[in-house]
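Work through the exercises below with the sequence and the model at hand. Each task is followed by a solution in steps.

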Amino acid sequence: MGIKTMSIAQNILNSASENSDISSKRELDEYFSSVLFDDDLWPFDFEKNKVKTEYLFAHIYPDRFGFSEELRLDIKFSFARHHYLLREKISVDDGLKIDLTSLIRNGTPDQMQEKFVYHLLNKHQKFISEYSRKNNIHPDDSAISIHAHSGKVDGVKTVGGYIWATYGFDFANEAELNAARKAFQKYAQEHNISISDKDLKYFKYPCHFAAFDTGQNVDGNPLGKAFLLQYEWYGVRKADLSEKSELFRYQKAYHENSKEAANAELSKSFLALLNKYRHQNTQKRSLTDQLIYLKNKLFHR
């Protein structure tokens, strides 16, 4: 006979921090008994990875419409020299919706621990995918959502506008994608890169904006990264994210290997676009250098 897995409710209570604010075991048991979660796939359990998980807050609330309940969580993941603070909302209503509200790192991880967020999201992905499959839920109705932005959160500098684009998130909807396209076109124009309306259609995912690099830097960053570091967008990872998809392959290569390896996973059409704008920018810079040379030669005869 196999060892019985600890219930999610008991897992939360056992890992509560000293000054935590947690719903009662009865409330938690009632909530988790009403939904068919797989206890083994609870995405916050990192005991095998020797990561200390502490629940600072775990409460169940009616959703804004009063038709279902949502679980709100504040969790601390501690390593030797740093920790992450995660805030999420989990709701179940004709699907499984996880709102990853914020994730802040304090301290500096070593190279191996740098991949924690990558593993955290992959655990989330397996969690929603299995829930969707076992409960016969349409993949569009089970998703992880984020609001990606950069700036300061509780006094901590964040780079979410860029970094979430490397984690396999798609834009929340077509309107979000089109808004990003237009904003990027305008931003590029302000930095003397003219992207045609025809070429905008090749920008399909956040990772395309993150990867765009003409060889010209803005504030020390390639154009695409510089854009995302000042732009905010809404994104999703749905239950049916395929391991063969461009989004999945890019994030896997980026976080397991390197940015260069990730770029090799981009579609042929987008890579052709990148080469086109790199070539144009190289020509432009070459012409500029020639003009500067001639000007100097003319005035220093």
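**Exercise 1.** Which residues of α9 are buried, and against what do they pack?

*Solution.* Step 1: apply the cut-offs, where buried means under 20% relative accessible area, exposed over 50%, and partly exposed in between, with a 1.4 Å probe and protein chains only. In α9, the buried residues are Glu-246, Leu-247, Phe-248, Tyr-250, Gln-251, Ala-253, Tyr-254 and His-255.

Step 1: relate this to the whole helix. Helix α9 covers residues 246-256 and is mostly covered, with 8 of its 11 residues buried. Helices (H or I, at least four residues) and strands (E, at least two) are DSSP runs, numbered from the N terminus.

Step 2: look for partners, taking contact as heavy atoms within 4.5 Å. The buried residues of α9 pack against α3, α4 (160-163), β9, α7, β12 and α10 (259-263).

A note on the source: this is a predicted model, in which local features need pLDDT of at least 70 and side-chain atom pairs count only at pLDDT 80 or more, while totals for chains, interfaces and linings use all residues. Residues are numbered from 1 along each chain as its sequence is written, and side-chain values use heavy atoms, with hydrogens and water left out.

**Exercise 2.** How many helices and strands does the protein have, and what percentage of its residues is buried?

*Solution.* Step 1: the protein has 11 helices and 12 strands. Step 2: of its 301 residues, 44% are buried. Step 3: among contacts between residues at least 6 apart in sequence, 62% join residues at least 24 apart.

**Exercise 3.** Describe the largest nonpolar core and the surroundings of Ile-90 and Leu-120.

*Solution.* Step 1: a nonpolar core is a set of buried Ala, Val, Leu, Ile, Met, Phe, Trp, Tyr and Cys residues joined through side-chain atoms within 4.5 Å. The largest one has 82 residues, and those with the most contacts inside it include Phe-32, Ile-90 and Trp-233. Helix α3 (residues 116-134) supplies the largest share of this core, 8 residues.

Step 1: setting aside residues up to four places away in sequence, Ile-90 touches several residues, among them Tyr-31, Phe-37, Trp-42, Glu-69 and Ile-98.

Step 2: Leu-120 lies in helix α3 and counts as buried because its relative accessibility is 0%. Beyond residues up to four places away in sequence, Leu-120 touches Pro-43, Phe-46, Phe-77, Leu-86 and Leu-103. Leu-120 and Asp-45 are 75 residues apart in sequence, with their C-alpha atoms 9.4 Å apart.

**Exercise 4.** How are the rings of Phe-171 and Trp-233 arranged, and how are those of Phe-203 and Phe-270?

*Solution.* Step 1: rings of Phe, Tyr and Trp (its six-membered ring) pair if their centres lie within 6.5 Å; planes under 30 degrees apart count as stacked, over 60 as edge-to-face and the rest as tilted. The count comes to 26 aromatic pairs.

Step 1: Phe-171 and Trp-233 have ring centres 5.4 Å apart and planes at 65°, so this pair is edge-to-face. Phe-171 is in strand β9 (residues 170-171) and Trp-233 in strand β12 (residues 233-238), 62 residues apart. Both Phe-171 and Trp-233 are buried.

Step 2: Phe-203 and Phe-270 are also edge-to-face, at 5.3 Å centre to centre and 85° between the planes. Because Phe-203 lies in the loop between α6 (197-200) and α7, and Phe-270 in helix α11 (residues 268-299), the pair ties together parts 67 residues apart in sequence. Phe-203 and Phe-270 are both buried.

**Exercise 5.** Is Thr-214 buried or exposed, and what is it in contact with?

*Solution.* Step 1: Thr-214 is found in the loop between α7 (206-211) and β10 (217-218). Step 2: its relative accessible area is 2%, so Thr-214 is buried. Step 3: leaving aside neighbours within four places in sequence, Thr-214 is in contact with Ile-193, Tyr-277, Arg-278 and Asn-281.

**Exercise 6.** Where do Asn-136 and Asn-192 lie, and what are their phi values?

*Solution.* Step 1: most residues other than glycine have a negative phi. Step 2: phi of Asn-136 is near 55°, a positive value, and Asn-192 has a positive phi of about 65°. Step 3: Asn-136 lies in the loop between α3 and β6 (143-148), and Asn-192 in the loop between α5 (174-190) and α6. Step 4: Asn-136 counts as exposed because its relative accessibility is 72%; Asn-192, at 56%, counts as exposed too.
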